[in-house]
Amino acid sequence: MMEILQYIGYVAIILGSIFLFLGALGIYRMPDVYNRLQAGTKASTLGAMSMIFGVGLVNPEWFFKALIIVIFIAIANPLSSHALARAAYRAKLGPFFKNKIDAYEQEIENELKNEKKD
Amino acid sequence: MTFVFVFAFSLILLGLILSFIRFVKGPSSADRVVALDTMSIIATSAFALLALMFDRYIYIDIALIYAVLGFIGVIVIARYLEGAL
């Protein structure tokens with residue numbers, strides 16, 4: 001039983017390293033900052049979670065602490081990518097292809113209008 | 001199980017090199033912060049894998065602290081780029 005869990009852990013480590021490499025490849029290849037954010041953050045989140053979970057499966061004494069790191073990465077990594085995307089938008093970094101619809105700009109204008117009413 | 005470690009560490013090294021290239025030549029500072037974020041995540045999982053390879057329990061703690069510090073650093077730099085700090 002333990003050996004089966006160990007083999008599952010090794011497979012998870014290999015899958016995680018593949019996803020980490022794909023995320024870094026997306027960081028290198030994508031054309032603008034928003035594409036880089038979505039390629040790098042999603043793929044590397046899945047890769048890091050899978051790899052640390054695999055480490056916890058291979059050595060069952062470490063499973064609890066590995067689970068803590070996995071939960072922390074699952075909470076913190078989307079948060080930091082969200083903050084980065086917001087900062088890149090507010091710093092007026094335009095996208096590579098010109099977008100027709102900009103919903104976030106309208107939302108900011110609505111916020112400003114509401115603040116004036118108050 | 002040497003194959004697993006060699007395979008995973010070679011892919012991790014390639015990923016670190018690719019994101020470090022983006023970190024050096026990225027056109028804007030947001031690109032550099034994105035590359036730094038990815039590098040810190042890759043380093044976190046590399047620490048966990050090193051703990052398994054050398055059979056040292058303390059490296060897992062280092063991975064946890066590195067994840068927390070990388071997250072705080074990225075949040076602070078993002079707030080600074082936004083102009084709110």
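At what angle do helix 2 of chain A and helix 2 of chain B pack, and how far apart are their axes? Helix 2 (residues 33-58) of chain A and helix 2 (residues 29-54) of chain B meet at about 10°, with axes 9 Å apart. Axes here are lines fitted to C-alpha atoms, for helices over the stretch in contact, and angles run from 0 to 180 degrees between N-to-C directions. Helices are DSSP runs (H or I, at least four residues), numbered from the N terminus. The two helices are therefore roughly parallel to each other, a label for angles under 35 degrees.

A word on the model: it is predicted, so local features need pLDDT of at least 70, side-chain atom pairs count only at pLDDT 80 or more, and totals for chains, interfaces and linings use all residues. Residues are numbered from 1 along each chain as its sequence is written, and chains are lettered from A in the order in which they are written.

**Where the chains meet**

Chain A brings 44 residues to the contact and chain B brings 40 residues; two residues are in contact if their C-beta atoms, placed from the backbone, lie within 7 Å. On the side of chain A that touches chain B, helix 1 (2-29), helix 2 and helix 3 (63-90) each supply at least two residues. Helix 3 of chain A gives the most, with 15 residues.

**The core**

The largest nonpolar core has 57 residues; such a core is a set of buried Ala, Val, Leu, Ile, Met, Phe, Trp, Tyr and Cys residues joined through C-beta atoms within 7 Å. Buried means 20 or more other C-beta atoms within 10 Å, exposed 12 or fewer, and partly exposed in between. A:I52, A:V55, A:L84 and B:A48 have the most contacts inside this core. Leaving out residues up to four places away in sequence, A:I52 touches A:A66, A:I69, A:V70, B:S45 and B:A48.

**Two residues of chain B**

B:D55 lies in the loop between helix 2 and helix 3 of chain B. B:D55 is exposed, with 8 other C-beta atoms within 10 Å, and has a positive phi of about 60° although it is not a glycine. B:G73, in helix 3 (residues 58-82) of chain B, is partly exposed, with 15 other C-beta atoms within 10 Å.

Definitions and conventions. Angles under 35 degrees count as roughly parallel, over 145 as roughly antiparallel, 65 to 115 as roughly perpendicular and the rest as oblique.
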